[in-house]
Amino acid sequence: MNWGFIGFGRIARKFLESLESVDGEVPYAFASRSNLSDLQEEFPNVHVYDAYETLLADPKVDIVYISTTHNFHCHNAIAALRAGKHVVCEKPMGISSQEILEMTEVARFSGKFLMEAMWMRFLPAYREAITRVKAGEIGKVNYVTASFGFRSEDKLTQEGRLLNPDLAGGALYDVGVYPLTLVSDLFGWEPVGFKADAIKSETGVDETIQVQLDFGDDRLAQVLGSIAMHTNKEACIYGDQGFIRLPMFWKAESYEIVKGDHIQVFNSPYISNGYAHEIIEAVKCIKDGKLESDLFSLNDSLMSAQLVERILSTIFKTD
């Protein structure tokens with residue numbers, strides 16, 4: 001298929017690298033409003049447009065990858081779907097459950113594939129580890145921890161995307177959704193209760209957020225997301241017969257099963273830089289005539305958005 005890119009920043013370059021590793025998939029067109037001439041010079045064999053609308057009007061574009069800032073995802077995705085394109089949209093696909101519902105309605109009306117690019121869900125090591133947990137490898141799971149925190153000084157300014165409330169900045173949207181998604185794979189998206197605490201930036205967004213979740217039946221989870229400090233970026237899944245540790249869980253290529261003093265290490269590397277697996281999944285679904293992926297469904301996107309809304313409403317309820 002011919003792929004069109006709406007937005008072309010750092011993440012799009014990573015996606016492009018993986019796209020070029022998947023047979024039959026072609027980076028056909030880019031649309032960017034900020035670096036048009038540079039892209040034309042760098043990619044002479046790719047069509048480069050200065051307007052998203054022009055790319056969407058190109059009949060040779062089969063599928064669109066969207067990596068604009070979070071606040072534009074819904075608008076860009078709906079425009080692409082209405083133009084008759086399949087869509088893979090960076091996470092969070094929508095910054096509200098209402099946006100997810102709108103995108104889903106348009107996708108189903110247009111008969112086009114739509115998927116949130118939660119690339120972690122498609123990685124071999126991650127999927128293998130979750131499968132082992134569900135098969136009872138470590139017994140009944142009672143507790144999950146996961147953290148994803150980093151600090152990038154050049155982006156932590158009031159003008160930068162990460163702290164800009166107008167661009168849907170904040171730790172929960174940017175990185176907190178990863179540990180929440182991992183927890184959802186084990187306990188679902190609907191905790192019976194939770195407690196959330198945040199450190200807020202001068203712009204008013206959450207720069208660090210911690211959430212303790214209770215899913216009933218003695219199932220607890222604790223997640224941490226930060227765009228202001230580095231964390232160990234690992235996840236641990238604790239059962240009554242051992243635990244599984246995923247280092248760098250959101251881009252895992254290995255995991256450990258620990259039972260007492262016995263540690264087993266399993267390696268399952270990804271293709272290219274890891275984004276290839278969500279590309280392969282999208283292509284397979286489209287070839288099979290499916291409008292969404294079972295690995296990260298549109299209902300997953302909706303439930304994720306609803307949980308994020310609940311968490312943010314408690315953090316900012318007095319603002």
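**Notes on the predicted model**

1. Helix α4, spanning residues 73–82, is mostly covered, since 7 of its 10 residues are buried. This is a predicted model, and the points below should be read with that in mind. The buried residues of α4 are H73, C74, N76, A77, I78, A80 and L81. The elements that cover them include the strands β1 (2–6), β4 (63–66), β5 (86–90) and β6 (114–117), together with the helices α3 (52–56) and α5 (97–110). After α4 comes G84, which has a positive phi near 85°.

2. From α4, the residues H73, C74, A77, I78, L81 and R82 take part in the contact, and they meet E99, E102, M103, V106, A107 and S110 of α5. The residues of this contact divide into 7 nonpolar, 2 polar and 3 charged. On the α4 side, H73, C74, A77, I78 and L81 belong to the buried set, and they also belong to the contact with α5.

3. Strands β5 and β6 pair in the parallel sense over 4 bridges, and V87 has L114 in β6 as its bridge partner. The chain passes from β5 through α5 to β6, and this β-α-β crossover is right-handed. In a regular strand, side chains alternate between the two faces of the sheet. In β6, L114 and E116 point one way while M115 and A117 point the other way, and all of them are buried.

4. The loop between β5 and α5 deserves a separate look, as P92 lies there. The peptide bond from K91 to P92 is cis, with omega near -15°.

5. An open sheet of 8 strands has mixed pairing and the order β8-β9-β10-β7-β11-β12-β13-β14. Its edge strands are β8 (193–200) and β14 (262–267), each of which pairs on one side only, and the twist averages 10° from one strand to the next. Within this order, β7 (residues 141–149) and β10 (residues 220–226) run parallel and are joined by 7 bridges, with L220 in β10 as the bridge partner of Y143. Helix α6 (residues 124–134) packs on the sheet, where it touches β7, β11 (235–239), β12 (242–246), β13 (254–259) and β14, and its direction makes about 25° with that of β13. Helix α9 (residues 298–315) also packs on the sheet, touching β8 and β9 (206–214), and its direction makes about 60° with that of β8.

6. A198 is found in strand β8 and is partly exposed, with a relative accessible area of 28%. Leaving aside residues up to four places away in sequence, A198 touches D206, T208, I209 and I315. Between A198 and T104 there are 94 residues in sequence and 31 Å in space, C-alpha to C-alpha.

7. D217 lies in the loop between β9 and β10 and is exposed, with a relative accessible area of 55%. M248 lies in the loop between β12 and β13 and, at 34% relative accessibility, counts as partly exposed.

Technical notes:
Residues numbered from 1 in each chain as written. Predicted model: local features only at pLDDT ≥ 70, side-chain atom pairs only at ≥ 80, totals over all residues. Heavy atoms only, no water. Buried < 20%, exposed > 50% of the residue type's maximum accessible area, 1.4 Å probe, protein only. Helix = DSSP H or I, 4+ residues; strand = E, 2+ residues; numbered from the N terminus. Contact = heavy atoms within 4.5 Å. Pairing = 2+ DSSP bridges. Right-handed = clockwise from strand over helix to strand, strands pointing away. Nonpolar A, V, L, I, M, F, W, Y, C, P; charged D, E, K, R; others polar. Axes fitted to C-alpha atoms, helices over the stretch in contact; angles between N-to-C directions.
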